[in-house]
Amino acid sequence: KAPLLSEHGMIICISYGIFKNGQPQIGSFLNRDGDEESLMNNIKKLFDSVGSKKRICGYNIKNFDIPWITRKLYKYGLEISASEYFNFISFAGFRVL
């Protein structure tokens with residue numbers, strides 16, 4: 001069995017929800033043709049449009065998703081500082097039923 005490594009894996013889809021002008025917006029980026037670089041460019045644009053004062057949350061996002069996305073951004077020359085963009089929310093006792 002091999003470990004799950006961002007160097008060998010590919011991001012297929014990223015979904016998000018944001019508030020823009022007080023209104024919720026839901027969207028996703030889908031990698032249909034294997035063009036991960038285009039997907040990562042769209043993610044970088046989303047992070048830039050949201051800005052550094054917003055919060056991002058998700059299940060295990062700090063330990064898995066953000067490091068994986070950050071390594072993929074670096075791979076395509078789209079450097080960001082995770083600490084600049086992400087203020088993490090901790091969900092102590094969170095359970096999925």
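I began with I12 and found this residue in the segment before strand 1. Strands here are DSSP runs (E, at least two residues), as are helices (H or I, at least four), numbered from the N terminus. The model is predicted, so I kept to its limits: local features need pLDDT of at least 70, side-chain atom pairs count only at pLDDT 80 or more, and totals for chains, interfaces and linings use all residues. Residues are numbered from 1 along each chain as its sequence is written, and side-chain values use heavy atoms, with hydrogens and water left out.

**Surface patch.** I looked up the exposure of I12 and got 46% relative accessibility, which makes this residue partly exposed. The classes are buried (under 20% relative accessible area), exposed (over 50%) and partly exposed in between, with a 1.4 Å probe and protein chains only. I12 forms a nonpolar surface patch with M10 and L30, with about 270 Å² of accessible area together. Patch members have over 30% relative accessible area and no salt bridge; nonpolar side chains (Val, Leu, Ile, Met, Phe, Trp, Tyr) are joined within 5 Å, like charges within 9 Å. Areas come from the Shrake-Rupley method with a 1.4 Å probe, and for residues only the protein chains shown count as cover.

I checked the pairing of strand 1 with strand 2 (residues 23–30) and found eight bridges in an antiparallel arrangement. Pairing requires at least two DSSP bridges between two strands. Y16 stands opposite G27 of strand 2. Two residues lie between the strands of this hairpin, and N21 takes a positive phi near 55° there.

**Core.** The largest nonpolar core has 14 residues, and I11, L39, M40, I43, F47, I69 and L73 have the most contacts inside it. Such a core is a set of buried Ala, Val, Leu, Ile, Met, Phe, Trp, Tyr and Cys residues joined through side-chain atoms within 4.5 Å. Strand 1 (13–20), helix 1 (36–50) and helix 2 (61–75) each supply at least two of its residues. Helix 1 gives the most, five residues.

**Salt bridges.** I counted two salt bridges, taking a side-chain nitrogen of Lys or Arg within 4 Å of a carboxyl oxygen of Asp or Glu. K72 and E36 meet at 3.2 Å, N to O. This pair links helix 2 (K72) to helix 1 (E36), 36 residues apart. K72 is buried at 1% relative accessible area, and E36 is buried at 3%. D48 and K44 meet at 3.1 Å, N to O. Both lie in helix 1, four residues apart, about one turn. D48 is partly exposed at 41%, whereas K44 is buried at 16%.
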